[in-house]
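Biologist: I am new to this structure and would like to know what stands behind the terms used for it. Could we take a few of them in turn?

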Amino acid sequence: MKTNILTIIAAFAATTAVAQGPLDIFRSTETKRQLELNAPSLRDHLKQRKVALEAWNALSDKDLKPVTLTANVTVKNRSGVRELRVRNFQYVGDCVYAHGGQDSGVDTPTTAQAVFASDLADSYLNQAALLGIDIDSLTIELHGRPDAEPTGRVSYPRNFLYTIYIDSPASDEELEHLAELAEQNSVVASLVKLAVTPQLTIDHKLSPREKKVEGATLEGVREYIHGKRQAVLAGRERWERLQKEREAAEKSERRQRREPQEPRGPWVKVFPNGVRQLTVNDKYLILHDNPEYLGGTNLGMTSIEGVLGILGTCITHISLGQAAELNLDVDSVSLTVQAEWNPVAGRKGHESESIALQNVRYKLHALTPESDEKVKEWIGRVEAICPMYNLFKDTQTFEHRIVRGHFNPNPPRR
């Protein structure tokens with residue numbers, strides 16, 4: 001039986017002559033050792049998750065109804081950042097300075113890859129828990145590999161390769177079987193493999209062409225879009241030239257170091273409590289978790305909700321860019337993305353029903369003095385080039401590889 005942590009702390013505190021502060025109790029090597037021994041492990045979490053999943057699977061099909069999942073994205077006034085909200089969770093998306101942003105939040109294509117990796121990791125844990133296979137650490141890194149056929153102006157990560165870094169006493173055959181089961185049972189991977197065209201509804205409200213200014217300034221989304229237009233026009237040629245120069249320099253440097261051409265992708269680390277930490281652009285962190293009835297602690301949005309979020313943030317971002325390209329006056333932009341998750345899909349008797357999200361749709365809320373025709377032209381251009389919109393409506397592939405050992409985010413240069 002594990003010793004109660006409060007008993008350890010109280011015993012140590014009682015033997016301390018002079019208390020310097022609440023953190024002094026952690027200065028004892030013995031106390032640290034005891035705390036480490038009592039810390040939860042991923043093996044413990046898998047046992048707890050198995051209990052939760054078996055209870056969930058024991059529920060009658062008639063008690064499980066389709067659930068509508070919702071993600072909301074709002075452009076935040078003059079800053080132009082996109083705030084994603086899912087239930088009580090949120091994060092901010094932004095673009096770089098050259099595109100009129102402040103580089104103060106995650107970019108969508110990289111976040112999308114992290115979300116895909118998160119759902120694969122979650123599915124991997126589910127299958128390991130149900131099969132009783134121990135895992136001591138798990139990290140998944142995912143890359144998009146552009147296919148051979150160009151898609152015009154649309155550029156997005158596609159045809160994914162993900163690497164599973166794992167510590168486990170399981171055999172190679174068991175781990176390979178787990179990987180196959182995880183991908184088969186991943187709701188997000190199943191969705192991305194399909195060609196799903198998100199359905200659009202436009203909520204267009206008119207605003208005055210001439211704005212009434214009260215006080216010194218009144219700056220909002222309209223000013224952000226006009227500023228973005230100036231940044232795009234002024235920096236387009238320079239930005240493209242710098243990008244080519246940077247890519248050439250990086251390619252040359254990798255060749256000199258004899259490193260692979262493939263850059264480090266976004267990765268997802270699983271904590272001992274099953275929470276997944278998504279690392280995006282090497283600096284932004286997002287937490288994903290499950291509700292308690294699916295073996296989680298509800299510390300973050302689920303990866304299934306996250307995939308709706310990245311669709312919404314991407315469409316919103318491209319909407320701002322196309323409004324700038326068309327020189328439109330737009331005073332507010334927000335998006336609601338929804339889909340249905342069927343919890344009985346794939347169960348016995350429901351094997352023919354896809355576990356992927358169904359009826360993926362989004363509603364664009366726009367406040368603008370522009371006409372309905374202009375708004376339809378605007379959104380048509382958005383859908384034509386939006387990376388995530390096109391990723392969803394094209395068929396994607398997944399391929400995996402398994403590496404035993406811990407993931408090193410900063411591998412030594414060769």
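Modeller: This is a predicted model. We can begin with two helices, H4 and H8, whose crossing is left-handed.

Biologist: What makes H4 roughly antiparallel to H8?

Modeller: The axes of H4, residues 108-131, and H8, residues 303-325, cross at roughly 165 degrees and come within 9 Å. Angles over 145 degrees count as roughly antiparallel, and therefore H4 is roughly antiparallel to H8.

Biologist: Which residues of H4 and H8 meet?

Modeller: From H4 there are Thr108, Thr111, Ala112, Val115, Phe116, Ser118 and Asp119, and from H8 there are Ser303, Ile304, Gly306, Val307, Ile310, Thr313 and Cys314. By class, this contact of H4 with H8 has 7 nonpolar, 6 polar and 1 charged residues.

Biologist: Why is H4 called oblique to H5?

Modeller: The axes of H4 and H5, the latter being residues 172-184, cross at roughly 120 degrees and come within 8 Å. Roughly perpendicular covers 65 to 115 degrees and roughly antiparallel begins over 145, with the rest counted as oblique. The angle of roughly 120 degrees therefore makes H4 oblique to H5. The crossing of H4 past H5 is right-handed.

Biologist: What makes the contact between H4 and H5?

Modeller: H4 brings Leu120, Ser123, Tyr124, Gln127, Ala128 and Leu131, while H5 brings Leu175, His177, Leu178, Ala179, Leu181, Ala182 and Glu183. These residues divide into 9 nonpolar, 3 polar and 1 charged.

Biologist: How do you know that H8 is oblique to H9?

Modeller: H8 packs against H9, residues 372-385, at an angle of about 125 degrees, with the axes 9 Å apart. Angles of 65 to 115 degrees would be roughly perpendicular and angles over 145 roughly antiparallel, so H8 is oblique to H9. H8 passes H9 in a right-handed crossing.

Biologist: Which residues of H8 and H9 meet?

Modeller: Ile315, Ile318, Ser319, Gln322, Ala323 and Glu325 in H8 meet Trp378, Ile379, Arg381, Val382 and Ile385 in H9. The contact of H8 with H9 has 7 nonpolar, 2 polar and 2 charged residues.

Biologist: How do you know that there is empty space in a model?

Modeller: A probe the size of a water molecule is rolled over the atoms, and that shows where empty space is left. Here the second largest pocket holds about 820 Å³ of space. Its lining has 31 residues, and Trp56, Asn126, Val187, Leu294 and Trp341 are the closest to its centre.

Biologist: Which elements give two or more residues to the lining of the second largest pocket?

Modeller: They are helix H3 (42-57), strand S1 (67-75), H4 and H8. H4 gives the most, with 6 residues. By class, the lining has 14 nonpolar, 12 polar and 5 charged residues.

Biologist: What is His350 in contact with, leaving aside its neighbours within four places in sequence?

Modeller: His350 is in contact with Asp61, Val344 and Ala345, where contact means heavy atoms within 4.5 Å. His350 and Asp61 are 289 residues apart along the chain, yet their C-alpha atoms are separated by 9.6 Å.

Biologist: Where is His350 found?

Modeller: His350 is in the loop between strand S10 (332-341) and strand S11 (358-367).

Methods: Residues numbered from 1 in each chain as written. Predicted model: local features only at pLDDT ≥ 70, side-chain atom pairs only at ≥ 80, totals over all residues. Heavy atoms only, no water. Axes fitted to C-alpha atoms, helices over the stretch in contact; angles between N-to-C directions. Helix = DSSP H or I, 4+ residues; strand = E, 2+ residues; numbered from the N terminus. Parallel < 35°, antiparallel > 145°, perpendicular 65-115°, else oblique. Left-handed = near helix turned anticlockwise from the far one by under 90°. Nonpolar A, V, L, I, M, F, W, Y, C, P; charged D, E, K, R; others polar. 1 Å grid on protein atoms, 1.4 Å probe; cavity = no way out; pocket = protein on both sides within 12 Å on 5 of 7 lines; lining within 4 Å. Points joined across faces, edges and corners; volume = space filled by probe spheres on them.
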